[in-house]
Structure formats: C-alpha cells, structure tokens
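I opened the model to look up one residue and its surroundings. Then I went through the aromatic rings.

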Amino acid sequence: MEISRVEALSDRVTQTYAWGNAVWHVWGQGAEAAATDTTTASKPLVLLHGGSGSWTHWLRNVEHLSQYRTVWALDIPGFGDSCLPSGVSDADGLVPYMADIFQQTFGGEPVDVMGFSFGGMTAGLVAAEHPNLIRQLILIGAPGLGIFGKALPMRGMTPEMDEDAQRKVHRHNLSTMMFKHAETVTDAVIDLQQANVSRDRLRRRRIARTDVLARAQLQWTCPVHGVWAESDALYLHTLAQVPQVLSKLSSFTIVPDAGHWVMFERPDAFHAVVDPLLRP
C-alpha cells in the first residue's frame, strides 16, 4: 500500500472547534478551489470511514473519485487525528458535532456523502436530523438495521499480548470480519489496521446492534442508495433483508466476491457501482 504517496496528494485541513480539532484530507480541486468554484466537478463528495478507522479506509478510492469530484475524507471525531468531544460515546452523540462540521465546512450547502459501516450509520442519523446538509447519501454495509447476527467473528486483545500476538489478532479480525479473501490481509494492511485501532477513542459504542438507522430513515428527504458486499460478515444470513428493512433506499446493489470492506477489497467493482451516482 502507498499511504504516504496518497496522503501527499491531498490537502490536509484541520478545523478547530470548542470541543477540539476535526481533520480532513482533500483530493481533487483542493480545499480552496472547492470553496469558491461552483461547477459540479468541484462539488464536495464527503467520505466517512468505518469504526476503528480513519480516512485510510478509502485509500484505494480517493484517487479514482477525485478524477471527477472534490473528495473530502473526514476523520470522524473520536477516530484518526480528530478529537473526541467530551461525553460522546456513540454515533447518535456525534450527530450535532457532525452537523456543525458540515455547516462550517460547506457553508450550509448540501453535499453528497458516502459512508462506510459506522460512518454510514452516522451519516444516516445526520440526514435524519439535519436533512438540509445532505444532498445524496450512499450507505456501504451500514449497521443499525436490527438484523445483525448474534455474534461477530472478532477476537479481542489482552494486556499480556506481545506485538506478534496482537498482529495475529488483527489478521484474524481482518480475515473474518472485513474481507472475503484471507490473502487480502497483507502485512501492510495489518499496519494500517493497527494504526487505526490504536487511535479509536470510541470503543464502547453499542447502537450498531439496534435498529437506529432503520428508524431514522423515516426522516430522510434526500436520495439514499445502498451498496453491500455479497459476503459482508455483518449480514451473512440477512443480506436479502437489507432492502426490505431500508425501504426508503432509492437503489440497492450487491458487489460480488467481496467482504465488508468492499471498496478496499474490490475497488474496481465498487467504483462501477458508485460512479454513475456521483459523476457530474
């Protein structure tokens, strides 16, 4: 992987709020041009990563997407390089802070948002409470539908684990939870995961297992599209129920031969689905 190379192509934007800093990485027209140019190509496309993640969840997508849109990838507050607001413990508590970030960054103009997993659930809650801020929403493997399996194939860390043991846990979790193909989990992917997990300050979140997103859809006013992986570990036995539960979806597409982190494992297939929704 080429995290340093891809990051070097971006503008890093750090914003200061009363609760702390929010950090964006911007590709394409750039932060300054996007704020002043009104053409469709410069219109912001906001990317929101998954739980225990950062902008690097979009590592294999930002260059492609920035060919035709200005891409704003946020480290959601509490993850990556963004601060965690005091008292926030889950996605629902982030909603007012996310709304403030969107309002200040884009001047109240509605933007297209693509949210992966936890980021999709968070974006769906923002779209429900602040419909003026989101023009179009694409959900990718989002939780909060009330149809999780009882257990996920995750292993936890224990204090006595050395570096090698911790990497084995990351390898297991990535192989069983995030990807369909175990060979996708290279040492570089484990490095990325380790760096992201170490900066996760919102680890006690719980509402992903509820139907919070399914209930929020009643307040959506923008088009919402769903993109799910065929072998998403969250929905191995309930994938067919997703468009039934999210009845407000304008479209629902299943990407074959991929796991939960679909846009990383099968970027070309993923782009083929979202490009028609996002191109000028």
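I count a residue as buried when its relative accessible area is under 20%. The model is predicted.

Entry on Thr105. I placed Thr105 in helix 4, which covers residues 91-106. Its relative accessible area is 16%, so I logged Thr105 as buried. Next I looked for polar partners. The side chain of Thr105 makes a polar contact with the side chain of Gln15, at 2.9 Å. A polar atom of the Thr105 side chain also lies 2.6 Å from the backbone oxygen of Ile101. Leaving out residues up to four places away in sequence, I found Thr105 touching Gln15, Tyr17, Trp24 and Trp72.

Entry on ring pairs. I paired rings whose centres lie within 6.5 Å. By this rule I get 14 aromatic pairs. One of them is Tyr17 with Trp19, stacked, at 5.3 Å centre to centre and 5° between the planes. Tyr17 is buried at 9% relative accessibility. Trp19 is buried too, at 17%.

I then turned to Phe102 and Phe106. Their ring centres are 6.2 Å apart and their planes stand at 90°, so I noted the pair as edge-to-face. The two are four residues apart in helix 4, which means about one helical turn between them. Which residues do ring pairs link into a cluster with Phe102 and Phe106? I found Trp24 and Trp72.

Entry on charges over rings. The charged end of Arg60 sits over the ring of Phe264, 3.9 Å from its centre. Arg205 lies over the face of Phe118, 5.4 Å from the ring centre.

Note on methods: Residues numbered from 1 in each chain as written. Predicted model: local features only at pLDDT ≥ 70, side-chain atom pairs only at ≥ 80, totals over all residues. Heavy atoms only, no water. Buried < 20%, exposed > 50% of the residue type's maximum accessible area, 1.4 Å probe, protein only. Polar contact = N/O pair within 3.5 Å; in protein donor to acceptor, adjacent residues only side chain to side chain. Contact = heavy atoms within 4.5 Å. Phe/Tyr/Trp six-rings, centres within 6.5 Å; stacked < 30°, edge-to-face > 60°. Lys NZ or Arg CZ within 6 Å of the ring centre and 35° of its normal.
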